[in-house]
Amino acid sequence: MNNEQGPVAVITGAASGIGRGLAGHAAARGMRLVLADRDAAGLQSLCDELKAGGVQAVACVTDVGDVQQVERLRDCAVEQFGGVDLLFNNAGVMQTGFSWEITDAQWQRMLDVNLGGVLNGIRTFVPLLLSQGRGAHVINTASLAGLVSSPLMAPYNVTKQAVVALSETLHYELAMLGAPVTVSVLCPGPVASEIMASNQVADSAGSSFSQLLDNTIRQGMTPAELAAQVFAAIDEKRFWILPHKGFKPALERRVQSILQETNPLFQMTDVEDDAHAAG
Ligand SMILES: NC(=O)c1ccc[n+]([C@@H]2O[C@H](COP(=O)([O-])OP(=O)(O)OC[C@H]3O[C@@H](n4cnc5c(N)ncnc54)[C@H](O)[C@@H]3O)[C@@H](O)[C@H]2O)c1
């Protein structure tokens, strides 16, 4: 992955939260950055800040739900830096509410961004990464919700579980080819970010739940802490990245419920941060 001028990292959803944390950590490691977000102002301010610190960075305003814009992002990375070493398919949005009350448009937005964005990233960038004939790594941001479902988050659970399935499939396919391209799936619990600003609350139960979720996220792990764990996992070429170890019992409970064919039991602690339980 290393080259003389530093590896090239493409990061979607870079303007805020987790993406911004990943950008900061990548910059500290001497990487060259291709920053993508649909928030043009936020993206430019991050890019300016990094460049002022001597980082080689380029901003490319991109809606990850639009494949043509993702193709433009790939072309921008190739034109600016000659290739890509790390691809972070990270952009995502939130939707709470009862499954049956969430509108067609709200479901579609979640499918387009949370699943479509990752799919567009894979379909656009993996052929490039394979053609380069050198090591490269794809990191897809799913969520704890990609492994454990909670009520009132159906489109989030559905899209994040799809991202986990897509990532595992990609991992197997690249291994079948013996390709030097590897994959990780990032499944964090709460991380302090602006994601709840993207929530289009659908109903009364959704609004009280979203308030609780908002509080939990605000008290979550910092994006910088998360980024350090993500890059440590990339160094190890580790597929599963579960930074919040305190959630493992919920995952174990789910697996046992499936294996023993007992009915699923949700506990509120499944979505609360157990002091971001790093250990
Ligand atoms: N914050 C958490 O607790 C948490 C936990 C697990 C997973 N995640 C996931 O982490 C990822 C990053 O979210 P975050 O928490 O940093 O939220 P955030 O809102 O702070 O950052 C998300 C960024 O993505 C951008 N974005 C949204 N839709 C986009 C689109 N269509 N095209 C391009 N950019 C778009 C936003 O403008 C924003 O800058 C998401 O996939 C989210 O689902 C977050």
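This is a predicted model: local features need pLDDT of at least 70, side-chain atom pairs count only at pLDDT 80 or more; totals for chains, interfaces and linings use all residues.
View 1. Strand β2, which covers residues 32–37, is joined to β3 by five bridges, and the two run parallel.

**View 2. Val 10 meets Val 34 where β1 pairs with β2.** Here the bridge partner of Val 10 is Val 34 in β2. Five bridges hold β1 and β2 together, again in parallel. As a reminder, strands of a sheet pair through backbone hydrogen bonds, either parallel or antiparallel.

**View 3. Strand β1 is covered on both faces.** How many of the five residues of β1 are buried? Five of the five, so this strand (residues 8–12) is largely enclosed by the rest of the structure. In a regular strand the side chains alternate between the two faces of the sheet. For β1, one side carries Val 8, Val 10 and Thr 12, while Ala 9 and Ile 11 sit on the other, and all of them are buried.

View 4. Have a look at helix α1 (residues 17–28), where His 25 lies. Is His 25 buried, partly exposed or exposed? Its relative accessibility is 22%, so His 25 counts as partly exposed. Leaving aside residues up to four places away in sequence, His 25 touches Ala 227, Ala 228 and Phe 231. His 25 and Phe 231 are 206 residues apart in sequence, yet their C-alpha atoms are 8.0 Å apart in space.

View 5. The protein chain contains eight helices and seven strands. Its radius of gyration is 18 Å, close to the 19 Å that the globule rule gives for 279 residues, so the chain is as compact as a globular protein of that length. The C-alpha trace spans about 55 × 40 × 35 Å along its principal axes. Of the 279 residues, 52% count as buried. Among contacts with a separation of 6 or more, 73% come from residues 24 or more positions apart.

Note on methods. Residues are numbered from 1 along each chain as its sequence is written. Side-chain values use heavy atoms; hydrogens and water are left out. Helices (H or I, at least four residues) and strands (E, at least two) are DSSP runs, numbered from the N terminus. The radius of gyration is taken over C-alpha atoms; the globule rule is 2.2 Å times the number of residues to the power 0.38. Buried means under 20% relative accessible area, exposed over 50%, partly exposed in between (1.4 Å probe, protein chains only). Contact means heavy atoms within 4.5 Å. Two strands pair if DSSP finds at least two bridges between them.
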